[in-house]
Amino acid sequence: QTLGRVTLVTVVGGKLVSAGTFWYITYKDRNPGPQLPFDPSKKTLVILGSGWGATSLLKGLDTTDYNTIVISPKNFFLFTPLLPSVAVGTLGAKSILQPTRYVARHKARQVSVIEAEATNVDPVNKTVTFADTSPLRPLEPTRTIPYDYLVYAVGAETQTFGIPGVKERACFMKEIGDAEQMQARFLDCIETAAFPGTSEEEKRRLLHMVVVGGGPTGIEMAGELHDFLEEDLKSWYPELHPYVRITLVEALPSVLPSFSKELIAYTERTFKESKIDILTGTMVKGVSESSVRLKPKDSEEHDLACGLVVWAAGNKARDISRNLMAQLSEHQKNRRGILVDDHLRMLGAPSIFAVGDCTATSYAPTAQVASQQGAYLARLFKLIAKRDELARKLEELSNANDGKDVETQKIQEAESLAKQIEKIKLKPFHYSHQGSLAYIGSDKAIAELPIFGREWTSGGVATFLFWRSAYISTLFSLRNRALVAGDWMRTKFFGRDEQRCN
Ligand code: FAD
Ligand code: NAI
């Protein structure tokens, strides 16, 4: 029936494919075959998280080698690079989410996906405790399960430095709920400013958007806000446009410290043309209902009136990570995150592997690093499974020999197994930097790409097109690619979503 409906020739990933192939791909996608059940003879691999590190591992993992359990409070993977686009309605929230069960359902052996928050890891007894956080809690909301190997990929949370009012009044930009919350607050500001009788001063305050943090998240957020205000608000609320203002506040002397001087200057110039004010060398000391408290390096503290505050001031370790590190305090002494060895094994707990933002390594906390680490672990676990299987056979052999006369053949077999185990060399993790990209608004992006051993930098509209094509090809599924491409076309032709559903 489905085949009958597909009559057009289709282009997928730049290749021309026939309707039959397209039908086959979609059919297989929607109807994956039966999966192998859990096998009691296999080891249990527990994965905490469903973000970049965990999903990349799950995608590459040969699940026939393990009984795999994924535990995460979110039953989806979030494509974070496009999150600021969701906050202003360029993209729909669902377009950048990929259900974890979808990935799990396409594996050879079944994978158990549990929507729950891990609350404790016991590295000595090798157990994980997790809790159901939904409002419909089961009778026993907390469970503890054992693991043979644990992959710890819980990411990090937004750093607030304990600054008053941040948690209560600022919008974060880390989770899909943050983007939705920011959009709601943003639309509140606009509609309240449009309310008849609102004073000039109040309009100016409500339509002043402050972004805190000049790292890539803050820069991208300011750029996206600018696009919405210029491309949509200007035509839908023309009377409000003169009151609109965006300010980016950064404590350091410059924005984007990880990018080259050239690209920093280009971003600053673009922001100036876009009328986005940048306040560098200025620390935000507090957030109230109607303003932010600023402390510039060389002058007195003062308040800056605003309607919306987006907080993009970096990351800190989650409580569960801090608890885990405290249990291994002899080996884990870095407050930034978990220390791992060259094979991503947690120092002090060799059965735990940690990846991504929850670790403290020499790499930046990026999706690129986390996904390469996840892919590396998938390869590593293949070798570990092979090694464990040989070790099991060797142990069986030596148990069978216990107390009996050992035949030459068995000795030879044991020697051969030992040699095979020795041959399995676990290579250390090696990070390969593919470059950095950031969207800066006005259909412009900046890029720093390593080409033939040299750093190549570029900024502008062509880089923006490259940024879009790079991210659309990095999206994890055909479904996400189709949804994101559709949203971009919708925005181009009909404008951004600015209606609220509640
Ligand atoms: P995450 O992807 O954050 O995943 C953590 C997972 O753990 C989540 O599924 C979470 O639900 C789960 N979890 C949390 N607590 C628990 C718990 N107690 N128990 C079990 N599971 C738990 N990087 C780039 O390289 N390029 C970019 O363009 C880019 N853009 C970004 C844009 C934004 C707005 C943001 C916020 C980040 C961006 N990053 C980018 C950084 C990138 O998103 C992170 O480095 C990456 O997500 C880290 O992957 P991770 O797997 O360590 O953590
Ligand atoms: P970040 O840590 O890179 O930047 C936060 C900024 O906030 C810092 O520059 C800091 O000085 C500033 N800050 C902190 N407290 C402040 C205060 N009270 N007042 C004023 N400024 C304050 O955090 P970000 O941007 O969230 O990035 C986190 C990680 O994610 C980074 O590794 C980044 O590279 C990555 N990322 C990459 C992107 C890309 O490649 N396009 C996009 C977004 C994030």
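# Cavities and ligand shells

The largest cavity is lined by R169, R185, V287, S288, E289, S290, S291, C306, G307, L308 and V309. This is a predicted model, in which local features need pLDDT of at least 70, side-chain atom pairs count only at pLDDT 80 or more, and totals for chains, interfaces and linings use all residues. Residues are numbered from 1 along each chain as its sequence is written, chains are lettered from A and ligands numbered from 1 in the order in which they are written, and side-chain values use heavy atoms, without hydrogens and water. Ligand 1 lies between domain 2 (35-156 + 317-422) and domain 3 (166-316 + 433-494), because both give residues to the shell around it; the domain bounds come from an automatic or database domain assignment.

**Cavities**

- Two cavities of 30 Å³ or more are found in a search of the whole structure; a cavity is a set of points, on a 1 Å grid over the protein atoms alone, where a 1.4 Å probe fits but cannot get out, and its lining residues have an atom within 4 Å of a point.
- The largest cavity holds about 70 Å³ of space, a volume being the space filled by probe spheres set on the grid points, which are joined across faces, edges and corners.
- Four nonpolar, four polar and three charged residues make up the lining of the largest cavity (Ala, Val, Leu, Ile, Met, Phe, Trp, Tyr, Cys and Pro count as nonpolar, Asp, Glu, Lys and Arg as charged, and the others, Gly among them, as polar).
- The second largest cavity has a volume of about 30 Å³, and its lining consists of I47, G49, S50, A54, T55, L58, V70 and T100.
- Helix α3 (residues 52-60) gives the most to the lining of the second largest cavity, namely three residues; helices (H or I, at least four residues) and strands (E, at least two) are DSSP runs numbered from the N terminus.
- The lining of the second largest cavity has four nonpolar and four polar residues, and no charged ones.

**Ligand 1**

- There are 29 residues around ligand 1, of which G53, T80, D357, T366 and Y471 come nearest; a residue is near a molecule if one of its heavy atoms lies within 4 Å of it.
- Among the polar contacts (pairs of N or O atoms within 3.5 Å), a polar side-chain atom of T80 lies 2.5 Å from an oxygen atom of ligand 1.
- Backbone atoms take part as well: an N or O atom of G51 is 3.2 Å from an oxygen atom of ligand 1, and a polar backbone atom of Q368 is 3.3 Å from an oxygen atom of ligand 1.
- On its own, ligand 1 has 990 Å² of accessible area, of which the protein covers 89% (Shrake-Rupley method, 1.4 Å probe).
- The elements giving two or more residues to the shell around ligand 1 are α3, β4 (66-72), β8 (117-122) and α12 (367-401), with the largest share, three residues, coming from α12.
- The shell around ligand 1 comprises 14 nonpolar, eleven polar and four charged residues.

**Ligand 2**

- Of the 24 residues around ligand 2, the nearest are T217, E250, A251, V284 and L437.
- α9 (216-236), β17 (282-287) and β24 (436-441) each contribute at least two residues to the shell around ligand 2.
- By class, the shell around ligand 2 has 15 nonpolar, seven polar and two charged residues.
- A polar side-chain atom of E250 lies 2.6 Å from an oxygen atom of ligand 2, and a side-chain N or O atom of T217 is 2.8 Å from an oxygen atom of ligand 2.
- A backbone N or O atom of P216 is 3.3 Å from an oxygen atom of ligand 2.
- The protein covers 78% of the 840 Å² of accessible area that ligand 2 has on its own.

Conventions
1 Å grid on protein atoms, 1.4 Å probe; cavity = no way out; pocket = protein on both sides within 12 Å on 5 of 7 lines; lining within 4 Å. Polar contact = N/O pair within 3.5 Å; in protein donor to acceptor, adjacent residues only side chain to side chain.
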